[in-house]
Amino acid sequence: MSIRDPNCVFCKIAAGEIPSLRVLDTPSAMAFLDIGPLAEGHLLLIPRNHYRTIDQMPPDELTEVTSCLPSLARAVVKVTGATGYNILQNNGRISGQVVEHVHFHIIPRKEGDGLGYRWNAGKYPPGRAETLHREFTAILG
Ligand code: 5GP
Ligand code: ZN
């Protein structure tokens, strides 16, 4: 049984109702060129089923989808001549997610491409990391 949101642009792409430049099709995933690339060859990998965020996905399905990443990344490097790539996956509006259907960006990177993001590393006050660690292990075991 497939899960679909009738208003979702990526569901429509998965169903072939909106055209896309597909580069990979599997029973559970597809990948295509991003229409607004951060760099030439920027790809999107999506599950065929509609999930808004990663935490809503069944782990097995997420495994199937992400198992496509190595071959997609190799293809991006080969086609674009990139010397590296970012895999970016936004969840929720605050994170930058615009399309509310899980997707992975595969963004080719080259020296001097001008891409980047703020990475303002912080520092825990004494005891705070240990408190957080206790909270995490209470949930995750
Ligand atoms: P987000 O900000 O949600 O992580 O990224 C959504 C991405 O989807 C953007 O990079 C945007 O360019 C891409 N996108 C949105 N609509 C379409 C579309 O109709 N076709 C394709 N190929 N990409 C799209
Ligand atoms: Zn969708």
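**Close-up views of the predicted model**

**View 1. Side chains of H42 and H105 in contact.** The side chains of H42 and H105 are joined by a polar contact of 2.8 Å (a pair of N or O atoms within 3.5 Å; within protein, one must be able to donate a hydrogen and the other to accept it, and residues adjacent in sequence count only if both atoms are side-chain atoms). H42 sits in the loop between β2 and β3 (43-47); helices (H or I, at least four residues) and strands (E, at least two) are DSSP runs, numbered from the N terminus. H42 counts as buried because its relative accessibility is 2% (buried means under 20% relative accessible area, exposed over 50%, partly exposed in between, with a 1.4 Å probe and protein chains only). This is a predicted model, in which local features need pLDDT of at least 70 and side-chain atom pairs count only at pLDDT 80 or more, while totals for chains, interfaces and linings use all residues. Side-chain values use heavy atoms, without hydrogens and water, residues are numbered from 1 along each chain as its sequence is written, and chains are lettered from A and ligands numbered from 1 in the order in which they are written.

**View 2. Surroundings of ligand 1.** Ligand 1 is surrounded by 16 residues, the closest being D34, G96, V98, H103 and H105 (one heavy atom of the residue within 4 Å). A polar side-chain atom of H103 lies 2.7 Å from an oxygen atom of ligand 1. A backbone N or O atom of G96 is 2.9 Å from an oxygen atom of the ligand, and one of I35 is 3.3 Å from a nitrogen atom. On its own, ligand 1 has 520 Å² of accessible area, of which the protein covers 81% (Shrake-Rupley method, 1.4 Å probe).

**View 3. The zinc ion (ligand 2).** C8 (SG), C11 (SG), H50 (ND1) and H101 (ND1) are the protein donors, 2.0 to 2.3 Å from the zinc ion (N, O and S atoms within 2.8 Å of the metal, or 3.2 Å for Na, K and Ca). The site is tetrahedral, with angles of 106 to 116° among its 4 donor atoms (four donors, all angles between 85 and 135 degrees). Along the chain the donors follow the spacing C-x2-C-x38-H-x50-H. C8, in the segment before α1 (9-14), and H101, in the loop between β4 (84-88) and β5 (104-109), are 93 residues apart. Both C8 and H101 are buried.

**View 4. Strands β1 and β2.** Strands β1 (residues 22-25) and β2 (residues 29-33) run antiparallel and are joined by 3 bridges (two strands pair if DSSP finds at least two bridges between them). L24 has A31 in β2 as its bridge partner. A hairpin of 3 residues connects β1 to β2.

How values were computed. Tetrahedral: all angles 85-135°; square planar, octahedral: opposite > 155°, others 65-115°.
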